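Here are some notes for a colleague who is opening this structure for the first time.

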Amino acid sequence: MLLFAGLGNPGNRYADNRHNIGFMAVDEILRRHSFGPERARFSALCSEGRIAGEKVIVLKPQTYMNESGRAVGEAMRFYKLTAADLVVFHDELDLTPGKLRVKVGGGHAGHNGLRSIMAHCGADFVRVRMGIGHPGDRDLVSPYVLSDFSKADWPWVDGLCDAIAGSAQWLVKRDWPRFMTDVAQSVSHSR
């Protein structure tokens, strides 16, 4: 069993923020793979389904980004999962918009959602890093990630989330290179 955790902030006010691309990605996985309805559990919205024959729990913490680890940790303890069973989908300032990288372990690079998950679950989880670009100035990072994607961004955002959902079987099979290759090919074909 795997736990897919999409990171974002709850509520309509934040729905289209760059910081919420993790929610957007797992929403597309839920839709594409016909998961069950979302239920409020573990201070999160939680849904269960199957991808490539394996049970997957999809979690969207409703604790706000800075406390994401509280919800993720609670779900991991309940299902008796380890950090190796956790895949976190999050925004990444250090990647150009639309680029994706998978990384196992490492630091949080100032990302408060990752910092919180590391505090509650350890560092050795899988990160699906979705590039949103950088505003160019450290002082502009917070307003940038908490602002909405522009109209011009939506084609690549939708294309990336669609490619992630379409290639999710490689995440379940823990074939990170194949997942990254499949997503990159899907994104390049949709442009």
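How many aromatic pairs does the structure hold?

1. The model is a predicted one. It holds 7 aromatic pairs. One of them joins Y14 and Y64, whose ring centres are 6.0 Å apart with 80° between the planes, an edge-to-face arrangement. This pair links distant parts of the chain: Y14 sits in the loop between strand 1 and helix 1, while Y64 belongs to the loop between strand 4 (54-61) and helix 2 (68-79), 50 residues apart.

2. Y14 has a relative accessible area of 15%, and is buried because the cut-off is under 20%. Y64 is at 42% relative accessibility, so it counts as partly exposed, the class between 20% and 50%.

3. Elsewhere, F42, F78 and Y79 make up one aromatic cluster.

4. W156 also belongs to helix 5, where the buried residues include V157, G159, L160 and C161 as well. Further along helix 5, A163, I164 and A165 are buried too. Does the length of this helix agree or disagree with its residue count? Helix 5 covers residues 154-166, which is 13 residues, and at 1.5 Å a residue it should span 18 Å. The C-alpha atoms at its ends are 18 Å apart, so the two values agree.

5. Strand 7 (residues 126-131) is mostly covered, with 6 of its 6 residues buried. In a regular strand, side chains alternate between the two faces of the sheet. Here V126, V128 and M130 lie on one side and R127, R129 and G131 on the other, and both faces are covered.

6. Which strands pair with strand 7, and in what sense? Strand 5 (residues 86-92) pairs with strand 7 in the parallel sense over 6 bridges. In that strand 7, R129 is the bridge partner of H90. Strand 6 (residues 100-104) pairs with strand 7 in the antiparallel sense over 5 bridges, and V102 stands opposite V128.

7. The UniProt annotation "active site", from an unreviewed entry, covers H19. H19 lies in the loop between strand 1 (2-6) and helix 1 (21-32). Is H19 buried or exposed? Its relative accessibility is 12%, so H19 counts as buried.

8. Leaving aside neighbours within four places in sequence, H19 is in contact with L7, G8, N9, M65, D91, H111, V145 and L146. With D91 there is also a polar contact between the two side chains, at 2.9 Å.

9. T63 is found in the loop between strand 4 and helix 2. With a relative accessible area of 9%, T63 is buried. The side chain of T63 reaches the backbone oxygen of E67 at 3.0 Å and the backbone nitrogen of S68 at 3.5 Å.

10. Apart from neighbours within four places in sequence, T63 is in contact with S43, S68, R70 and A71. T63 and G6 are 57 residues apart along the chain, and their C-alpha atoms are separated by 12 Å.

How values were computed
Residues are numbered from 1 along each chain as its sequence is written. This is a predicted model: local features need pLDDT of at least 70, side-chain atom pairs count only at pLDDT 80 or more; totals for chains, interfaces and linings use all residues. Side-chain values use heavy atoms; hydrogens and water are left out. UniProt positions are given in the numbering used here, feature names are shortened, and annotations may be inferred rather than shown by experiment. Helices (H or I, at least four residues) and strands (E, at least two) are DSSP runs, numbered from the N terminus. Buried means under 20% relative accessible area, exposed over 50%, partly exposed in between (1.4 Å probe, protein chains only). Contact means heavy atoms within 4.5 Å. A polar contact is a pair of N or O atoms within 3.5 Å; within protein, one must be able to donate a hydrogen and the other to accept it, and residues adjacent in sequence count only if both atoms are side-chain atoms. The expected span of a helix is 1.5 Å times one less than its number of residues. Two strands pair if DSSP finds at least two bridges between them. Rings of Phe, Tyr and Trp (its six-membered ring) pair if their centres lie within 6.5 Å; planes under 30 degrees apart count as stacked, over 60 as edge-to-face and the rest as tilted.
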